[in-house]
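I am opening this notebook to record what I looked up in one structure, entry by entry. The sequence and the coordinates come before my notes.

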Amino acid sequence: MTTIFARGARLGDPTGATSDGGRRRGIVGRLVTHACIVVGVLLSLFPFYWLLMMSTHTTAEIFGYPPKLWIGDSFGQNLRGVVDNVDLLQALLITFLISAAVAVLVMFFDSLAAYAFGKYDFPGKNPLFLVLLATFLVPGSLSLVPSFVLMSWLGWIGGFQALIVPGAANAFGIFLLRQFAQTSIPNELIDAARVDGAGFFRTWRSVGVPMMRGGIAFLGIFTFIGTWNDYVWPLIVLVNPQRQTLQVALSTLNSVYQINYGMVMAGAVISVVPLIGIFIIGSRHFIANIAAGALKG
């Protein structure tokens, strides 16, 4: 049978030609798709590669021509300069604790609010959600002065609570998780939990959180990275130079008269490495959730 089909294709049988042509087009399409993916990945990774390369060279080598595209021998010297000028371990610990606390609080409060907005009906639900969305129109820089006045009135200036409490919930997270709650949580599960006598918090914990796990994981990673990289608000609130976050501490490496770019890049590498680890640890949760949703579809 295979010989007959092959002979028919050689004699001009359109069925065999079409099959071979479609197979070739499919192979070419997959090759083009994979080539585009590889190019996109390389373009995305190049800034990190360039950052790592610059951290291993001196300032003169960084601005030299042709550009240095390979590892140099000055990373140890640059790293010692960072350690000598910045209390690196303390800054890392402070930044990690603040970022983790904010991420946990955001995942808790935003998932609660999103679950209520997505699966429950209560008076004023739609107007309240519109007010919540309207906060997206307010630039964050406009809230710096009122927030500082409020923190001063509470006596929190210089304390870490001034960084943690204001960021404990945000409109973006509520809006994001509300979409997850509306699309991924069947009403039948909630009704079954109610029949079994579960209240709001028990239903949220046993039904809502597992079904929104992918969105919650993404929100936690997004919040952790945003808090880790925050510079302006910690610079304003943490008035004690001995208690600074990593980004504020690293900014002191920039001298008024001269900037050691190799040392600055070494500090940037140190600040990026924990974020990569957090992303690798947390990404498997929402990737697994996306894969599960694809299998259900």
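How many salt bridges does the count come to? I am working from a predicted model, and the count comes to two salt bridges.

Entry on the salt bridges. I looked up aspartate 121 and found that its partner is lysine 125, with the closest N and O atoms 3.4 Å apart. I then checked how accessible the two partners are: aspartate 121 counts as exposed, because its relative accessibility of 72% is over the 50% cut-off, whereas lysine 125 counts as buried, because its relative accessible area of 14% is under 20%. For the other pair I noted that arginine 194 forms a salt bridge with aspartate 191, where the closest N and O atoms are 3.9 Å apart. Arginine 194 and aspartate 191 both belong to helix 10 (residues 187-195), and because they are three residues apart there, about one helical turn separates them. I recorded arginine 194 as partly exposed at 41% relative accessibility, and aspartate 191 as partly exposed as well, with a relative accessible area of 40%.

Entry on the whole chain. I counted 15 helices and zero strands in the protein chain. The chain has 297 residues, of which 33% count as buried, and it exposes about 18,300 Å², with carbon and sulfur atoms supplying 70% of that area. I also looked at the contacts with a separation of 6 or more, and residues 24 or more positions apart account for 75% of them.

Entry on the largest pocket. I noted about 990 Å³ of space in the largest pocket. Its lining is made of 30 residues, and those closest to the centre are Ser143, Pro166, Gly167, Ala169 and Asn170. I traced the lining back to the helices and found that helix 5 (88-119), helix 7 (144-154), helix 9 (171-184), helix 12 (213-229) and helix 13 (232-237) each supply at least two residues. By class, the lining of the largest pocket divides into 17 nonpolar residues, 12 polar and one charged.

Entry on the second largest pocket. Here I recorded a volume of about 220 Å³. The lining of the second largest pocket comprises 14 residues, with Met107, Gly220, Ile221, Ile278 and Gly282 nearest its centre. Helix 5, helix 12 and helix 15 (261-296) each supply at least two residues of this lining, which has 10 nonpolar, three polar and one charged residues. Reading this entry against the previous one, I see that helix 5 and helix 12 are named for the largest pocket and again for the second largest pocket.

Entry on two single residues. I looked up serine 74, which lies in the loop between helix 3 (59-62) and helix 4 (75-85). Is serine 74 buried or exposed? Serine 74 counts as buried, because its relative accessibility of 5% is under the 20% cut-off. Leaving aside the neighbours within four places in sequence, I listed Ser55, Thr56, His57, Thr58 and Glu61 as the residues in contact with serine 74. I then turned to valine 131, which is found in helix 6 (residues 125-134) and is exposed, with a relative accessible area of 55%. Valine 131 and alanine 171 are 40 residues apart in sequence, and I noted a C-alpha to C-alpha distance of 9.8 Å between them.

Technical notes:
Residues numbered from 1 in each chain as written. Predicted model: local features only at pLDDT ≥ 70, side-chain atom pairs only at ≥ 80, totals over all residues. Heavy atoms only, no water. Helix = DSSP H or I, 4+ residues; strand = E, 2+ residues; numbered from the N terminus. Buried < 20%, exposed > 50% of the residue type's maximum accessible area, 1.4 Å probe, protein only. Contact = heavy atoms within 4.5 Å. 1 Å grid on protein atoms, 1.4 Å probe; cavity = no way out; pocket = protein on both sides within 12 Å on 5 of 7 lines; lining within 4 Å. Points joined across faces, edges and corners; volume = space filled by probe spheres on them. Nonpolar A, V, L, I, M, F, W, Y, C, P; charged D, E, K, R; others polar. Areas by Shrake-Rupley, 256 points an atom, 1.4 Å probe, with all protein chains shown as cover. Salt bridge = Lys/Arg side-chain N within 4 Å of Asp/Glu carboxyl O.
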